[in-house]
Amino acid sequence: MKTCGIIFNKAIFYFVLLTFYFLFPIFSVSAQEEADITADHLEYISETNTYIAKGSVKIVLKDTTLLADEIRLNSRTSDVDASGNVIYEDPEVIIKADRIELNIKSKLGTLYNSTILYKENNIHAKTTSLKKTGERTFFLEDATITSCNADPPAWHITGKGITATKHKSIQGKHAVFRVKNIPVLYTPYFWAPLSKERETGFLFPEYGYSSTRGHYFREGFFWAIRDDQDLSIYLDYYGEKGIAEGLDYRYVISPEASGELWMYHVRDNDPSRELFEVKAYHNQEFQNDMSGYLKLHMVNQPDYYETMDSTSAGRFGLSSWKTDPFGFASEERLQKYLESNLHLSKSFAGGRTYLLTQGRQSLEGSSENIPQSLPEIGLIIKTLSVKNLSFNMAFKGTNFWREEGQHGRRYDINPNLYFSYGRLINITQRLGLRETVYILEDPFMYRNRFLYDTNTSLTTKFFKKFDSFIHIVEPSLEYEYTPHVDQSGIPFFDSTDSIPQTRKINYSLTNRVSGLAEKGIEARFRLSQSYSFLKTDEELSPALAEIALSSENVDLNVNASYDVNKDHFADAIASVKFKNDIGYIGTGRNFRRSSSLDQFTFEAGAYRPVNLFKKQLPIDLHGQLWYDLDGKGIQELKLRSTYEHQCWALTIVFVKKPDEYQVLFAIGLAGIGNMELVSLR
């Protein structure tokens with residue numbers, strides 16, 4: 001967990017633990033391990049039981065080496081003293097020190113004026129005195145940490161009076177984060193966990209500015225209750241809103257049962273009101289092939305996300321609610337509904353049964369007219385096949401309830417029978433029956449509807465193999481028929497209640513090119529249309545064209561429908577992207593005549609390093625633009641750039657929308673991690 005001492009955490013951990021873990025074992029080798037010891041002068045003083053090695057002393061044990069001007073070992077007291085240009089190296093670490101004192105039996109000792117390099121993360125550490133004071137405890141008089149190779153380093157961390165307990169925690173005084181030699185961040189006292197396991201402690205605070213919420217400060221405390229449970233408590237302050245409290249409880253009872261509960265409360269001062277948010281989930285596996293899950297997502301005001309944005313971003317762990325990696329989390333503001341479900345299912349050899357309770361909450365106003373499924377029971381029979389015949393069926397019984405409007409129960413049974421014949425030319429016929437019964441209240445009435453539908457499809461496939469690719473052509477022809485059924489007096493709860501009369505033929509032609517390995521090309525082109533035999537003004541449906549081309553240098557995607565009756569395009573979504581090792585550039589068009597959407601998109605990016613005026617800069621550039629061609633101008637502009645140095649990186653993100661802007665500065669310290677500096681909105 002991150003704490004107020006986050007920037008000291010990993011570095012001090014490596015500094016303290018690895019030094020003694022890799023250094024001291026060389027002096028306590030077993031009899032079976034042979035060490036190669038050389039020196040200019042070797043002697044043994046029997047009166048004091050002291051071994052002395054002087055002049056270019058070198059001890060090699062496996063892939064570990066220790067160099068010194070002089071090493072003394074007292075076999076009576078087990079004291080070891082290495083002095084003069086002491087150098088220790090193994091595959092993980094290089095240590096240089098003026099002097100090392102330790103006792104082999106007690107495994108206690110001191111390094112004087114040492115520098116340590118941890119190779120994996122390039123962590124450089126310096127200390128005037130590092131003492132091992134117990135089996136798992138250490139004391140550092142002064143310490144300096146950095147991952148920069150330059151001298152002076154671009155950044156470094158200093159601390160005094162540091163006490164560390166192996167695999168537990170570290171604490172110290174007067175910790176300073178410096179850029180060059182300029183102090184930037186100071187704390188008189190710091191504490192941080194040193195275990196890879198979860199540790200109780202304060203989380204790293206967050207500060208930022210929002211154009212609607214004002215200056216804000218967010219802080220949290222993490223409680224590692226047990227290995228299978230933890231709790232985070234948050235206390236936030238928003239300048240334009242007030243105090244907010246949050247709670248996140250996670251648990252893993254067993255491999256079959258786990259879940260999480262998130263609750264958040266904001267005291268909104270303008271206007272004066274209370275805002276609440278609840279998110280929760282629980283997954284459960286039962287015996288006898290039974291399983292279930294619970295999902296809750298609710299707010300007490302429909303404009304909660306419009307007012308507060310995502311208050312759980314980076315705090316709540318449900319994967320289906322993943323947010324933008326920079327924490328902007330605008331997707332919840334775009335939702336029309338919040339959905340909560342309770343689902344129980346029982347599987348068997350031929351299908352499954354289930355119980356579903358589903359509630360929806362509108363984020364656009366009142367939810368009083370929204371039908372809620374409280375509950376729905378279902379029986380699903382999987383497709384069963386006997387030679388050329390197959391069969392499946394679905395039965396659903398749903399109780400619809402809402403505060404205002406007609407409600408009641410609906411029973412729907414839908415069996416389907418299939419007949420399929422042929423391989424080169426395949427003919428498949430389907431006959432579906434549907435009986436739907438309504439028992440309604442307020443006012444009471446009984447309705448039923450019976451209908452059948454059928455379709456017949458004819459498909460085949462032609463292909464030709466070439467040296468490096470294969471060309472496939474797939475024509476398809478399908479006839480659909482659903483007779484007219486009187487559906488007046490039937491309420492509308494969902495799409496099951498409105499099944500239109502259908503008598504049409506669908507035809508399509510698909511071309512595929514696959515296997516151009518040298519260029520990595522995969523291509524697909526499909527044309528499709530339908531013709532209705534019903535007497536309508538538009539017998540021909542819009543012609544749909546789908547194009548997909550993927551290669552190492554070009555990605556092309558087109559989905560366009562052309563209305564042949566009105567002689568114009570109805571919808572078009574097209575994009576093309578050119579790419580190479582240097583960067584990429586792409587453009588697109590989103591057009592939908594029915595909703596008056598006419599949007600232009602543009603994206604471009606350059607990978608590190610960027611060549612500018614014949615110089616290479618360790619920087620990347622990425623941009624995306626959404627522009628409304630219908631006169632509304634820029635809908636969203638997003639720019640991101642990262643400057644990467646040897647031991648640090650700076651990321652800047654700018655997002656502009658018609659009613660808000662967002663700016664993020666984040667710094668990454670090599671070997672330490674990433675830290676968000678400030679977010680402006």
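A: I472 has its place in strand β29, which covers residues 470–482; strands here are DSSP runs (E, at least two residues), numbered from the N terminus. Before going on, a word on the background: this is a predicted model, where local features need pLDDT of at least 70, side-chain atom pairs count only at pLDDT 80 or more, and totals for chains, interfaces and linings use all residues. Residues are numbered from 1 along each chain as its sequence is written, and side-chain values use heavy atoms, leaving out hydrogens and water.

Back to I472: its relative accessibility is 17%, so it counts as buried (buried is under 20% relative accessible area, exposed is over 50%, partly exposed is in between, with a 1.4 Å probe and protein chains only). Setting aside neighbours within four places in sequence, I472 touches K461, F462, F463, T510, N511 and R512, where contact means heavy atoms within 4.5 Å. There's also R524, 52 residues away along the chain, with 9.5 Å between its C-alpha atom and that of I472.

Now for the rings. A search of the whole structure turns up 14 aromatic pairs. Rings of Phe, Tyr and Trp (its six-membered ring) pair if their centres lie within 6.5 Å; planes under 30 degrees apart are stacked, over 60 edge-to-face, and the rest tilted. One of the pairs is Y44 with Y51, which is tilted, at 4.7 Å centre to centre and 40° between the planes. Y44 is partly exposed at 42% relative accessibility, and Y51 is partly exposed too, at 44%. Then there's F466 with F469, a stacked pair with 4.7 Å between centres and 20° between planes. F466 is partly exposed at 38%, and F469 is partly exposed at 26%.

Elsewhere, ring pairs join Y234, W262 and Y264 into a cluster. Y234 has a charge over its ring as well: the charged end of R315 sits there, 3.9 Å from the ring centre (this needs NZ of Lys or CZ of Arg within 6 Å of the ring centre and within 35 degrees of the ring normal). R360 likewise has its charged end over the ring of Y337, 4.6 Å from the centre.

Finally, take a look at D230 in strand β16, residues 229–238. D230 is buried, with 5% relative accessibility.

Definitions and conventions. Helix = DSSP H or I, 4+ residues; strand = E, 2+ residues; numbered from the N terminus.
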